[in-house]
Amino acid sequence: MNIYNLTFEQLEEYFINKGEKKFKATQVFEWLYKKRVKSFDEMTNIKKEVISYLKKDFNINNLEIIAKQEDVDVVKFLFKLEDDNKIEAVLMRHDYGNSLCVSSQVGCNMGCKFCESGRLKKVRNLNTYEMVLQLLKIEEVLNIRISHVVLMGIGEPFDNYENVINFIDIINSPKGIALGSRHITVSTCGIIPKIKSFINDGKQVNLAISLHASNDKLRNQLMPISKVYKLEDLIPAIKEYINKTNRRVTFEYILLKGINDRYENAIELSKLLKGLNCYVNLIPYNETSHIEYKKSDQNSILKFYDTLKKNNIGVTIRREFGKKVSAACGQLRANYEEEK
Ligand code: SAH
């Protein structure tokens, strides 16, 4: 197994089972996440005997970057996994820091009609280490520190729940990468049972919900998953999340020209979200050559924004990144496969 798969608690347990002091876990985590060594042999304060069974039980393999595209304030990476599958991660430079958009699966089964990633059906879940290494590898090659992580790359994080939670654990742990929970966001298309698990797990990270429509009829057209998890059940689940955690939820809403960007949609959305501790992040659609939907024009975007505002719904418009670098998730992989 890859050593980056283990949470701090799991590594402690490993050492306890070996009859060692659990403090060894602190030492190993320091080598991995603070000093960033690439081999067990570099862990010089750990005795030879321990190193030798660590080597037997674990590998410390890295991921390979096979393509990189750069634009103003954005760098996009294509990774090759050990089984030859390919995934993407996108680094965005904001004035508040470096934010990394991480993939959670190879492909995706949610089938959202506007999304490039879903054109490749899910091949498999990513292991925890494959998410951790997206971050470590990019910090290394760009020689930067990443301050924010968003689980908004390829895949549905709540369709790979356990590995995603372990990933969050590792990057959030003071013993590991020590990113603050407020700097980590997990985004879901609305898998209600996993939203409930998430409430019970008590993680303090941000939750974003991909809404994209203000009624089920329209949402069904855009997001097949909404036939299973309807708004009348989704909204109460989110209310429960807000009540139990006291945290504000983000709703993502892509504006698609002529589809969900009308005045009436904004009014309906305001009614749906009225009184919820939330805000709406309006996303200008990132057009892709394979999908017919078009981006709303600037006027419609601003009008939509104003309508929500007038109705007392917190709202922001997402800054657009990487037009030149096919920044919509799934695009770099798709282009790479086509060129071959
Ligand atoms: N599966 C998760 C996370 C990955 S998608 C989810 O659905 O939330 C991250 C966000 O990007 C989602 O809100 C998704 O709807 C949005 N998205 C997908 N394709 C897009 C595109 N071409 N332009 C803009 N946003 C897109």
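For my notes, Ala, Val, Leu, Ile, Met, Phe, Trp, Tyr, Cys and Pro count as nonpolar, Asp, Glu, Lys and Arg as charged, and the others, Gly among them, as polar.

I am working with a predicted model, where local features need pLDDT of at least 70, side-chain atom pairs count only at pLDDT 80 or more, and totals for chains, interfaces and linings use all residues. Residues are numbered from 1 along each chain as its sequence is written, and side-chain values use heavy atoms, with hydrogens and water left out.

**Second pocket**

I looked up the second largest pocket and found about 160 Å³ of space in it. Of its 14 lining residues, Arg36, Lys38, Leu136, Glu139 and Glu140 are the closest to the centre. A pocket here is an open set of points on a 1 Å grid over the protein atoms alone, where a 1.4 Å probe fits, with protein on both sides within 12 Å along at least five of seven lines; lining residues have an atom within 4 Å of a point. The volume is the space filled by probe spheres set on the points, which are joined across faces, edges and corners. By type, I get 6 nonpolar, 2 polar and 6 charged lining residues.

**Helix H8**

Next I turned to H8, residues 231-245; helices are DSSP runs (H or I, at least four residues), strands likewise (E, at least two), numbered from the N terminus. Just after H8, I noted asparagine 246 with a positive phi of about 65°.

Definitions and conventions
The expected span of a helix is 1.5 Å times one less than its number of residues.
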